[in-house]
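Welcome, and thanks for taking a look at this one. Please open the chain in your viewer and keep it beside you as you read.

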Amino acid sequence: MQSAAFTLTPSLRLPKPRRPSVSSAVKPRFDPIRVSASSKPSNFNDAVSASFPRRSWSLSSSSSDFKLRPWTSVPLVDSDEGTKRFEVRATAETAGESSESGSSIFKTLELGALFGLWYLFNIWFNIYNKQVLKVFPYPVTVTGIQFAVGTVVVLLMWGLNLYKKPKVSSAQLAAILPLAIVHTLGNLFTNMSLGKVAVSFTHTIKASEPFFSVILSAMFLGEIPTPWVVASLIPIVGGVGLASITEASFNWAGFWSAMASNLTNQSRNVLSKKVMVKKEANMDNITLFSIITVMSFFLLTPVAIFMEGVKFTPTVMQSAGLNVKQVYIRSLIAALCFHAYQQRVSPVTHSVGNCVKRVVVIVSSVLFFKTPVSAVNSFGTGLALAGVFLYSRVKRIKAKPKSA
């Protein structure tokens with residue numbers, strides 16, 4: 001049979017032909033018609049034109065079957081290019097996850113290093129401070145020297161622009177003054193206790209700080225503790241009492257000095273909430289502590305001279321048979337460590353880390369000074385520290401509001 005070719009002009013608007021069914025037994029037939037471009041389109045074609053894009057069709061009747069080859073102006077998506085875009089996006093997401101993971105690891109290492117330095121400075125302070133107080137039993141003078149070294153460090157930081165020097169108003173100084181007073185007393189009572197009893201026993205007593213915090217907060221801030229907090233105080237008080245009655249170096253002066261240290265330190269915390277010192281741009285935590293250190297030096301120096309006289313001169317120490325160079329070096333190291341470990345981490349991490357710090361200081365001091373510790377004494381100390389850790393956890397539990 002002779003083949004015939006049929007063409008349609010581009011002006012003809014036709015709907016998209018349907019794909020013939022495989023099961024259909026009848027083949028479609030087309031009449032040999034040539035449509036003129038000047039013929040008027042029907043309404044059906046107009047309606048189809050609004051729904052379908054204009055296309056040009058080439059029909060071939062060379063055989064009983066025919067093929068439709070539509071032309072479209074929309075470019076096909078390059079599979080290779082799409083794959084590349086997918087690979088780039090996946091690589092970017094992977095890189096972002098790796099960056100976040102690396103940042104998290106870096107923050108964890110940084111926090112661990114800060115805790116390590118914090119514990120190390122605490123150990124050195126307690127060991128060197130105890131060595132000085134054993135041969136130089138003047139706790140007011142020793143505390144004043146520590147504030148003096150801290151003041152020099154603060155002035156160097158401000159003078160060398162290592163930290164911005166604050167502009168403090170007289171109203172701010174008046175608000176900070178009560179904090180400086182209780183801060184001075186807290187450190188003074190701690191040194192008095194360290195000079196009288198073992199380091200481990202002083203820190204065992206100081207583990208009862210949460211008890212004073214709860215009492216003072218309820219009295220002055222109206223913060224009623226939850227039953228969980230009250231329950232956590234039981235092992236603290238019981239452990240401190242058990243350790244006290246079995247302590248070989250126990251004496252009442254050291255015991256009450258450590259208790260007074262707890263009272264003044266927790267009064268400082270409560271007072272800071274009560275006074276509500278306004279933290280402006282020039283009043284962050286480091287600046288506040290620096291100002292308190294300088295004020296404590298000026299507050300305690302005249303008291304030390306009045307109570308103990310001028311005892312830290314080489315002449316006086318040589319006449320007492322002391323190694324002047326050794327006492328000076330140990331006093332300087334203790335003072336620098338005292339100022340360094342006061343630079344704390346955030347309050348949330350500090351509450352838990354402070355409990356671990358007590359354990360580290362107690363164990364290291366027992367090993368260094370070879371302090372005799374009985375089994376009952378160890379149990380009491382461990383019980384008190386466990387109570388402190390429990391307190392730091394349950395303190396975050398909020399009391400349920402009472403329903404109306």
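This is a predicted model: local features need pLDDT of at least 70, side-chain atom pairs count only at pLDDT 80 or more; totals for chains, interfaces and linings use all residues.

The chain has 13 helices and 2 strands, and 35% of its 404 residues count as buried. If you take the contacts between residues at least 6 apart in sequence, 86% of them join residues at least 24 apart.

**Nonpolar cores**
- The largest nonpolar core has 13 residues, and those with the most contacts inside it are W118, F125, V140, L300, F338 and Y341.
- What does F125 touch once its neighbours within four places in sequence are left aside? F125 is in contact with K130, Q146, N191, A334, C337, F338 and Y341.

**The α3 and α4 pair**
- Helix α4 covers residues 170-196, and its axis lies 9 Å from that of α3, at an angle of about 130 degrees.
- Angles over 145 degrees would count as roughly antiparallel and 65 to 115 as roughly perpendicular, so α3 and α4 are oblique to each other.
- The crossing of α3 with α4 is right-handed.
- On the α3 side, the contact uses P139, V140, T143, Q146 and F147; on the α4 side, H183, T184, N187, L188, N191 and M192.
- How do the residues of this contact divide into nonpolar, polar and charged? There are 5 nonpolar, 6 polar and no charged residues.
- Two of these names have come up already: Q146 and N191 are also contacts of F125.

**Helix α5**
- Helix α5 spans residues 199-206, and because 8 of its 8 residues are buried, α5 is largely enclosed by the rest of the structure.
- The buried residues are V199, S200, F201, T202, H203, T204, I205 and K206.

**P178 in α4**
- P178 sits in helix α4.
- Is P178 buried, exposed or partly exposed? P178 has 28% relative accessibility, so P178 counts as partly exposed; the cut-offs for that class are 20% and 50%.
- P178 and I292 are 114 residues apart along the chain, yet their C-alpha atoms are separated by 9.6 Å.

Conventions
Residues are numbered from 1 along each chain as its sequence is written. Side-chain values use heavy atoms; hydrogens and water are left out. A nonpolar core is a set of buried Ala, Val, Leu, Ile, Met, Phe, Trp, Tyr and Cys residues joined through side-chain atoms within 4.5 Å. Buried means under 20% relative accessible area, exposed over 50%, partly exposed in between (1.4 Å probe, protein chains only). Contact means heavy atoms within 4.5 Å. Axes are lines fitted to C-alpha atoms, for helices over the stretch in contact, and angles run from 0 to 180 degrees between N-to-C directions. Helices (H or I, at least four residues) and strands (E, at least two) are DSSP runs, numbered from the N terminus. Angles under 35 degrees count as roughly parallel, over 145 as roughly antiparallel, 65 to 115 as roughly perpendicular and the rest as oblique. A crossing is left-handed if the near helix is turned anticlockwise from the far one by less than a right angle, and right-handed if clockwise. Ala, Val, Leu, Ile, Met, Phe, Trp, Tyr, Cys and Pro count as nonpolar, Asp, Glu, Lys and Arg as charged, and the others, Gly among them, as polar.
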